[in-house]
Structure formats: C-alpha cells, structure tokens
Amino acid sequence: MTESRLLIWKYYAYRASSAAGFYLPVSILYLKDQGYSLAFIGLAQAVFSFGMLAAEIPSGYLGDRLGRRETLALGNALRATAMVAYVLAGSAVGILAVKALWAVGWAFRSGTQSALLYELLSTRFDESEYARIDGRGSTVLLVTSGTGAVVGGALYTVDAGLPFLVNAALALAGVLVLATFPCIECEAEDAEAFTVREAVEMLRIQAARPEVRWFVAYAALFAGLFGVTRTFEQPALDAVGVPVVGIGLLYAGFKAVSAVAASATGWLEATVGVRRTFGLLAPVFALAYAAVAVTPLALVPVLVLYRTTQTVIRPLRNQYLNDRLGDVGRATVLSGASMALSLASGAAKLLGGAAAGTTGAVGVLPWAGLTVAGLAAVLWLATSPVRSGTATASSPPATAADSG
C-alpha cells in the first residue's frame with residue numbers, strides 16, 4: 001500500500017472516531033428519564049446549536065492558523081470530555097454547560113475536517129474525488145455508529161452512563177490517529193500567518209457571492225428541519241411505544257441504510273447532479289412530513305429519509321463550497337457556512353420545543369416539515385441557489401449586477 005493510500009485509510013479511521021452511535025440513540029431519552037421536560041430538551045439542544053454558532057468561525061480560524069490536525073485533535077478531546085461530564089452533571093445548569101462544551105468540540109471538526117480532506121486530495125490525489133472519498137468516510141462513520149447504536153442501547157439498560165463513557169474512549173482514540181497525519185500547512189513553501197482581519201475579509205467576500213450566499217441559506221433551511229427532527233425523534237418513538245432497546249436497533253438500521261446511501265454519493269453526483277439533488281429536497285420532504293400528520297406509522301420511514309438525505313447532501317454541499325474556495329482561509333469560510341447552519345438549527349429547535357409543548361413530539365414534525373419545504377421552494381424559485389462555476393476566493397466580490 002502506497003503512503004498516499006495509507007493516508008486515506010487513516011482518514012477513514014479518524015472518521016470512525018467521530019462516530020456518536022453509542023450514545024446517540026439514548027442521549028435525549030437520558031434527559032427525559034432524568035425528569036426533564038420536552039421544552040427543556042428543546043432548550044438544551046438549542047444551546048448546543050448556538051454553542052456551535054459561537055464557536056464555528058473561531059474554530060475555523062484556528063484550523064487555518066494552527067493547523068488542521070491540531071484543531072481536529074482538540075475537537076476530539078473536547079467531545080470526549082463533554083461525554084464524561086454529561087454523565088456527571090447533576091442539574092439543569094450543568095447539562096446546559098456540558099451542551100455548550102460539547103458544541104465547541106463539534107465546531108472544531110466541522111469546517112476543518114472538510115478542509116483537511118480537500119487539501120490532502122489536492123496535494124496527493126485529485127480534489128474532484130472529494131465527494132466520493134468523503135462519502136466513503138461517511139460510510140465508515142455510519143457503520144461504526146450503527147454498530148455502536150446496538151451496543152449503546154443494550155448498555156443503557158445496564159447503566160445509563162455507559163454509552164457516553166464508551167463513546168468518549170472512541171473519541172480519544174481519534175486523537176492518536178490524528179497524530180500520525182502529516183502537516184499539510186507545513187508543506188506550503190510560501191505559507192504565511194492568516195490574520196483575523198484577513199479572515200473577516202474572506203468571509204465578507206464569500207458572503208457577497210450569490211452562488212455561495214443563497215446556497216448556504218437554502219441548506220440552512222433543511223439544517224433547521226433536521227435539527228427539529230433529531231431533537232424530537234426519540235420522544236416521538238417513545239410516544240408510539242418503541243422500547244429503548246428497540247430504539248437502539250432502529251438507530252442501527254438507520255445507520256445501515258445511511259451507510260449504503262453514503263457509498264452512493266459519488267454516483268449521485270455524477271448521474272443526478274448537485275442542482276437536481278438539492279432541488280428535489282423541498283417536494284420530497286413536504287410529502288414525507290405531511291404523511292406523519294395522516295398516520296404516525298409514517299414516522300419511521302420519515303426518520304430513515306431525513307437521515308439518509310442528510311448523509312448524502314453533506315458531502316455534496318461541501319464539494320460545492322470547496323470548489324468555490326481557495327486554500328487560504330478555506331476552513332474559516334467553511335466554518336462560516338456551518339455557523340449559518342447552526343443558527344438555523346438552533347432557532348428551529350427553540351421554536352420546535354415551544355410547539356412540542358402543545359402538539360407533542362409527534363405532532364410537531366409535520367408542522368416543521370411543511371414550513372421548511374414551503375420556505376425552501378420560495379427561495380429556490382426566487383434566487384436559484386445552486387449555480388454553476390468554480391470561482392475561488394481570489395475572485396472579486398460580486399457586484400450589484402451579479403447578486404440575486
């Protein structure tokens with residue numbers, strides 16, 4: 001095996017360390033079983049999203065300034081710490097503080113992970129392979145999470161804290177894997193320090209480009225829908241009578257289906273295309289979430305749909321954005337995009353938490369799905385968010401004639 005191929009396998013190993021499968025099927029039920037209300041659960045999840053919002057750009061800047069591998073390792077360490085603290089937190093305030101720390105750990109991964117892979121491919125392979133390699137990385141992540149979901153559901157019946165502790169150990173293993181990665185930034189002969197002023201200017205330039213601005217806005221709508229669905233899926237499944245062990249098995253099934261979808265990301269990009277894929281989101285989700293209002297039996301297929309779709313569109317979204325960015329400031333700009341997604345997700349969770357107090361965990365989902373699908377359809381027709389072209393960050397900002 002060549003050194004370059006070995007590096008790709010190391011990347012897959014790192015992705016496996018990011019798996020959240022051990023605790024994910026029970027993380028919301030854990031709060032519910034501790035006596036917290038649906039409104040508090042919505043608040044806790046919103047704190048997570050807003051914590052990511054606050055940390056996204058600083059973490060992206062550190063990814064550009066300190067280095068990709070160092071920033072990712074710090075993110076793994078923070079997430080492991082948060083998982084342990086989640087078990088030890090004994091109050092509502094403690095839970096909210098842990099959620100904020102957890103969010104920072106995830107923020108250190110978002111834009112920097114994408115930048116690391118894209119630059120590894122551009123220096124050693126072919127950056128056009130990004131969606132395919134990232135899709136395979138998602139498959140590894142999902143298979144690991146699916147296995148963990150089965151184990152985590154069983155562990156929860158023994159001790160509610162075990163799934164979190166086991167997942168913390170997995171995250172720490174990722175720090176060791178990252179230590180074996182090369183320093184891509186060190187290989188750039190003309191590398192210069194990336195200043196805060198340059199980072200702010202880079203964000204301003206990219207936000208002025210309609211092919212970036214409206215694309216991120218469109219993606220943010222569905223980030224909000226996915227955030228609401230993830231927040232209330234466990235209480236919804238509990239409400240329709242699915243036991244904890246059954247939820248663990250369902251999550252394993254979700255991960256298995258998503259893993260198959262992730263492995264087909266490259267094919268989807270080549271045959272369907274990014275524009276057509278994103279264009280289908282609004283009508284497909286409108287029909288799917290409306291079905292839940294007709295019958296709760298549609299809940300499980302909708303959960304499968306949203307999870308597989310989220311898995312597929314993430315690498316396509318990152319490929320689209322990466323193709324329009326330069327290496328300088330890449331992680332900062334990608335984190336800026338993630339910040340917009342976190343803002344939408346956090347706001348949607350707050351609204352969803354308030355609505356769930358009246359409609360219940362099952363009833364809030366059709367309301368959220370139809371609202372987002374309607375807004376997305378209007379935005380698609382008004383702005384055409386997915387546009388052709390591969391202009392980089394060195395391109396001048398869009399003029400008034402360009403904006404749409």
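**Surface and interior**

Modeller: Val-150, Val-151, Val-245 and Leu-249 make a nonpolar surface patch with about 310 Å² of accessible area together. Patch residues have over 30% relative accessible area and no salt bridge; like charges are joined within 9 Å, nonpolar side chains (Val, Leu, Ile, Met, Phe, Trp, Tyr) within 5 Å. Areas use the Shrake-Rupley method with a 1.4 Å probe, and for residues only the protein chains shown count as cover. This is a predicted model: local features need pLDDT of at least 70, side-chain atom pairs pLDDT 80 or more, while totals for chains, interfaces and linings use all residues. Residues are numbered from 1 along each chain as its sequence is written, and side-chain values use heavy atoms, without hydrogens and water.

Biologist: Which elements give two or more residues to the nonpolar patch?

Modeller: Helices here are DSSP runs (H or I, at least four residues), numbered from the N terminus. Val-245 belongs to helix H11. The elements asked for are helix H7 (130-158) and helix H11 (244-263).

Biologist: Is Arg-317 buried or exposed, and which side chain of opposite charge is nearest?

Modeller: Arg-317 sits in helix H15 (residues 299-322). Arg-317 is buried (under 20% relative accessible area).

Biologist: What share of the 404 residues is buried?

Modeller: The protein has 16 helices and 0 strands. It exposes about 15,800 Å², with 68% from carbon and sulfur atoms. The buried share of the residues is 54%.

Technical notes:
A salt bridge is a side-chain nitrogen of Lys or Arg within 4 Å of a carboxyl oxygen of Asp or Glu. Buried means under 20% relative accessible area, exposed over 50%, partly exposed in between (1.4 Å probe, protein chains only). Lys and Arg count as positive and Asp and Glu as negative; His and the chain ends are not counted.
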